[in-house]
Amino acid sequence: MSDLTTKTLVEIRAALAARDISAEEATRACLARIETTEPKIDALLSVQGEASLARARALDAEGPDARKPLWGVPVVVKDVLCATNTPTTCGSKILENFVPPYDATAVAKLKDAGAVIIGKANMDEFAMGSSTENSAFKVTRNPWDVSRVPGGSSGGSGATVAARQCFAALGTDTGGSIRLPAAFCGCVGLKPSYGRVSRFGMVAYGSSLDQIGPLTRSVEDAAQVLSVIAGHDPRDSTSVDAPVPGYAAALKGPDALKGVRIGLPREFWGAGVNPEVLASCRAAVDAAVSAGAEVVDISLPHTDYAIATYYIIAMAEASSNLARFDGVRYGLRDKDASELIDMYKRSRTRGFGDEVQRRIIIGTYVLSSGYYDAYYRKAAQVRRLIRRDFEQAYEKCDLICGPTCPTPAFPIGGVVDDPLTMYLMDIFTISLNLAGLPGLSLPVGLGKDTGLPVGLQMFGQYFKEDRLLAAAHGLEALLPAMPEPAGLG
Ligand code: GLN
């Protein structure tokens, strides 16, 4: 095959392990692909060309190792994850020149598994956004239609996978930021359960919501990456000390769907959802039924409150997490300030973009004495009710399905000046983060009018990623293969 990048992660891994190709060849193929596609999509904030070739050559010298499941596989990580000797900007001017002295645990695990990190993916500044238009450096474009957004905040991760620049990417998901770009870019995006993957070395946004997970071109690829990055880490006190199953071993095709009760929440399948999104998602559920699944009507009655609840909690946590960027410890410092408070103000005003500043202001407000009870405490109470909605739903079903987003990818510039409409893009994804559950966006085809990818969101049960992946793998096998993205020429 002339272009190695058309292989999936699982295929390239087998070719590498068999020494049919070298790690250097795999890395060169991705770097060449980056060179031709990057001018069209701007998915990456940095490319580690020389360093990744050196690493690939070192791996080749050692030879494949069966204990390293990603031996020689080129991957990209979102620029919110620290990696040694690699800029980690979070898409923000305030961290423009920050080079961390250590690896995030997820990055270290990828490296230990033999992966070659070839680049860092563009993102909405500090993971705040749904379109990757909030990056301080560039706007990533959707490989299916370069006039449209790739989704966000892990839009660079979605675009780089869809454009075949790498075999997998890591993203982070606080309120949908893995699943939404996966849906818009036609790839698989998995947000693991809260506590499944260590966040050590991930720049925090909403600490009670954030999770790291893979974006890939197949469900099996996602299972492979999750097996590598999951697991307990004493450096993240929220990571759970539970064994990591071999997720790929749980995959068995459409058989996994037999007898599975799929709950369809009324709130996700009606008014306000684009008809072509509904049609593609419905057809996928029908395919699951034809393989022996059963459909159950369910309700998640507090869905209407999810946006308000999420944005209060996420902004409150963000305002606290972002307090550390003060011009003293890392990143940008304004040199013209006359005294300390002035220096804080000027550095933060220059360093943070509009959306981040908006969130710091609102987050500080909802936590302030006098408003805490009305907003933050109330949101925490509603969060409990949202969690209970899922507990009750899972008494009647095993899996929950609905669209990942009410619309397909929207035009660049179309929504960015209207923050409330942008927040509405998250209506179907954020409840999952509030409840701490795992979720996966599966590409289920192209909308019949727009020709853009549609994602079906599958919600799993806490720490049952194996079952979620098995169901997604079963459904994937029943659907036609996704074609190549149309926007790359
Ligand atoms: N769009 C949501 C937000 O802006 C989710 C972002 C995310 O998951 N990181 O907060």
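Strands β2 and β3 pair in the parallel sense over 5 bridges. Pairing here requires at least two DSSP bridges between two strands. Strands (E, at least two residues) and helices (H or I, at least four) are DSSP runs, numbered from the N terminus. Within this pair, Val75 stands opposite Ile117 of β3.

The model is predicted: local features need pLDDT of at least 70, side-chain atom pairs count only at pLDDT 80 or more, and totals for chains, interfaces and linings use all residues. Residues are numbered from 1 along each chain as its sequence is written, and side-chain values use heavy atoms, with hydrogens and water left out.

**The sheet**

β2 and β3 belong to an open sheet of 11 strands with mixed pairing, in the order β1-β3-β2-β4-β6-β5-β10-β11-β9-β7-β8. β1 (44-47) and β8 (294-298) stand at the edges; each has a single partner strand, so one side of each lacks a neighbour in the sheet. On average, neighbouring strands are turned by 30 degrees against each other, direction ignored. Axes are lines fitted to C-alpha atoms, for helices over the stretch in contact, and angles between N-to-C directions run from 0 to 180 degrees.

β3 (residues 116-121) also pairs with β1, in the antiparallel sense over 3 bridges. There, Ser46 has Lys120 of β3 as its bridge partner.

α8 (residues 275-290) lies across β7 (261-265), β8, β9 (399-403), β10 (439-446) and β11 (453-459), at about 55 degrees to β11.

**Lys120 and its strand**

β3 is mostly covered, with 6 of its 6 residues buried. Buried means under 20% relative accessible area, exposed over 50%, and partly exposed in between (1.4 Å probe, protein chains only). Lys120 lies in β3. Lys120 counts as buried because its relative accessibility is 0%. The Lys120 side chain reaches the backbone oxygen of Pro87 at 3.2 Å.

**The ligand site**

The ligand is surrounded by 15 residues; the closest are Thr174, Gly175, Ser177, Tyr205 and Tyr310. The cut-off is a heavy atom within 4 Å.

| Residue atom | Ligand atom | Distance |
|---|---|---|
| Ala127, polar backbone atom | nitrogen | 2.8 Å |
| Ser153, polar side-chain atom | nitrogen | 3.4 Å |
| Gly176, backbone N or O atom | oxygen | 3.3 Å |

Ile427 sits in the loop between α13 (419-424) and α14 (430-435). Ile427 is buried, at 15% relative accessible area. Neighbours within four places in sequence aside, Ile427 is in contact with Thr303, Ile307 and Pro406. Contact means heavy atoms within 4.5 Å. Thr303 is 124 residues from Ile427 along the chain, yet their C-alpha atoms are separated by 7.7 Å.

Helix α9 (residues 306-321) has 16 residues and reaches 22 Å from first C-alpha to last, close to the 22 Å expected at 1.5 Å a residue. That expected span is 1.5 Å times one less than the number of residues. α9 is mostly covered: 14 of its 16 residues are buried.

How values were computed
A polar contact is a pair of N or O atoms within 3.5 Å; within protein, one must be able to donate a hydrogen and the other to accept it, and residues adjacent in sequence count only if both atoms are side-chain atoms.
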